[in-house]
Amino acid sequence: MVQDWRIVTLFIGSILVLGAIIGGPLVYAIMLSFYSAKSFVGELQWVGLANYAKAIQDPLFWHSFANGLMIALSAIFLQVVLGVGIALVLNRKFFGQSVVRAVSILPYFLPTVVACLIAQWILDPNYGLLKSLLSSLGIGIADWSSHAFTARGTIVLVSVWLWTPFVVTCVLAGLQTIPTQLYEAARVDGAGPWRQFWHITLPGLRSVLVVVILLRGIWMFNKFDLIWLLTKGGPLNQTETLPTLAYRKSFLEFNLGGGAAVATISFLILAGVMLIYLRLFPIDDTKQER
Amino acid sequence: MTNHAERSSIGSQPAGEGRGRKSLRKAAAKIGLYAAVLAICVYSFFPIYWMMISSVRPMERLFLDSSLVFWPPDFASYTSLFQQTNYLVNFMNSVLMAVGTIAVSLVLSAFIAYGATRLRFRGKTTLVASMLFAYMFPPLMLAIPMAAAFRWAGLTDSLWGLLVAHLAISLPLAVWLLWGFFKAMPFDLEEAAMVDGCSQFEAFVKVVLPLSAPGLITVGIFSFLLSWADYVFALILIMSDQQKTLPVALASLLGAHDLRWGEVLAGASLIALPLFVIFIFCYRYFVAGLSAGALKG
């Protein structure tokens, strides 16, 4: 078949645009990480691997890495547990099911900034709803943002509220693919709800969960806006993660090369973890490819 | 296993009493189910409700009163938001960004996805896989070099620069979703049109695109969401208040003037409003997109 030159031209043109706006910055980021730039307007100076060496010798880098990992892992764990739980409830038949399903996805629709503002409003130590609720019970609260544990907890809490609906939607779709005969057979064999969950539902959701955990893991590890909006890495770097560290270096300390190096290292770490994860849990794509 | 079988058979044997206990258990299960459903609704919706209700609370009572319902609503926070801040300008900036992102990413992703499913060339899988990879880049790995390059190109503090950034985050997802869509569409339809004398380009425009309207709508919604909600790139690429988009303008409102909670919550409600309208009308496309993007990954 002769291929239409217009299709070919438009395809190639679009690919070039896409390459320029994504590939371009990516290459430039890696390039910048080998240079020292004291400001955005100053001359670039080749420093080789010095930015990388400085980054990995900095205790704050490893502190941020550990923080990010801890926040990401706890957020993913809660998102998956809660997401599967909610999906199991929403998968039952009840009055108003479709409306409730829609309502349960609503948070996912909100911009991060809105969710963060709501959280800050409810948790405000002087005027927030939580404060007035607790003070009516005679309990006083402190400022959540001034303690490492509560600051991290708030970040995890808001992430869970915002992104659990993603897990719910995927798990609900996954639940539809489990044949109902399996449950009937299990019931005949006398398996209770708990056993049915462990031996039929969870294995049936395996391929969905593998993908969901991978995607959420990547997005949580890269999360910048939520943390910056809630805590700016504080108190005293207790919620600093690699993305906020890269931002701090580039845009508050005007150390572009250093920030680019941190971003590149965190990307390499992520890519490495992703490869190991995909080796451990290969995504079963044969069903979809046909 | 046998234990369970025995227990269940014993439980179901005594006729009258057993049936009563069974229906009791059924009722308990039903109550439990509805309690769980109610808990899910409150958990998902209450924070949003609290934001909206606080935004129409009279400002002098905002810090004192935590009643869940009251009447009448008071829009002083909204008028103050419009009078004292650049909210309308920022709103228009956000709209411009969203419209630009939707339009450009729809056109480009349609060409790319169509080419990737219908043209014969090497490295197709690599191309499509790299889309998935690209939408998982750390945002700062794109934002840092963009800030530097835009400084050099004179696009600092420019909405054009921000549009490029928004395209960079929306295009990979758009290509990925449309690719799945075009791949599922049988080639026979275009072939029939081409037998009737259409060129492949005409067949693409007149046959394929109209038939993929649901896919295009899904891509449009997700491009809108990404652009409308973006905080990272707007924070880094935009400096002046006049050029800010809503998320950044709103976040800086809280920082700049303390205790402006009334205005902040009014502004937050207004950001969410267009989303809720879209949500009501496009719910099914949204869910379709979510599962298409996630299950195929």
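1. The centres of domain 1 and domain 2 of chain B, taken over C-alpha atoms, are separated by 42 Å. Domain 1 covers residues 2-55 and domain 2 covers residues 78-295 of chain B, with bounds that come from an automatic or database domain assignment. Where the two touch, domain 1 of chain B brings 4 residues and domain 2 of chain B brings 4 residues, a contact between two residues being C-beta atoms, placed from the backbone, that lie within 7 Å. On the domain 1 side of chain B these residues divide into 2 nonpolar, 2 polar and no charged; here Ala, Val, Leu, Ile, Met, Phe, Trp, Tyr, Cys and Pro count as nonpolar, Asp, Glu, Lys and Arg as charged, and the others, Gly among them, as polar.

2. A word on the basis of these points: this is a predicted model, in which local features need pLDDT of at least 70 and side-chain atom pairs count only at pLDDT 80 or more, while totals for chains, interfaces and linings use all residues. Residues are numbered from 1 along each chain as its sequence is written, and chains are lettered from A and ligands numbered from 1 in the order in which they are written.

3. Chain A has a mean pLDDT of 89, with 96% of its residues at 70 or more, where pLDDT is the predictor's confidence in each residue, from 0 to 100. Among the elements of chain A, the highest mean pLDDT, 95, belongs to helix H3 (residues 59-90) of chain A, and the lowest, 40, to helix H13 (residues 286-289) of chain A. Over residues 286-290 of chain A pLDDT stays under 50, and the model has 1 contact beyond four places in sequence for them.

4. The secondary structure of chain A comprises 13 helices and 2 strands, whereas that of chain B comprises 13 helices and 0 strands; helices (H or I, at least four residues) and strands (E, at least two) are DSSP runs, numbered from the N terminus. Chain B has a radius of gyration of 26 Å, well over the 19 Å that the globule rule gives for 297 residues, so chain B is more spread out than a compact globule. That radius is taken over C-alpha atoms, and the rule is 2.2 Å times the number of residues to the power 0.38. The C-alpha trace of chain B spans about 80 × 65 × 35 Å along its principal axes, and that of chain A about 80 × 75 × 35 Å.

5. The contact between the chains takes 73 residues from chain A and 71 residues from chain B. On the side of chain A that touches chain B, helix H1 (residues 5-32) of chain A gives the most, with 16 residues, and by class this side has 54 nonpolar, 14 polar and 5 charged residues. B:Ile144 touches several residues of chain A, including A:Ala29, A:Leu32 and A:Ala246.

6. B:Ile144 is also, with B:Leu178, B:Leu237 and B:Ala268, among the residues with the most contacts inside the largest nonpolar core, which has 158 residues. Such a core is a set of buried Ala, Val, Leu, Ile, Met, Phe, Trp, Tyr and Cys residues joined through C-beta atoms within 7 Å. Helix H7 (residues 159-184) of chain B supplies the largest share of this core, 17 residues. Domain 1 (2-55) and domain 2 (78-295) of chain B both give residues to this core, so the core lies between them.

7. Buried residues make up 40% of the 290 residues in chain A and 43% of the 297 residues in chain B. A residue is buried if 20 or more other C-beta atoms, placed from the backbone, lie within 10 Å of its own, exposed if 12 or fewer, and partly exposed in between.
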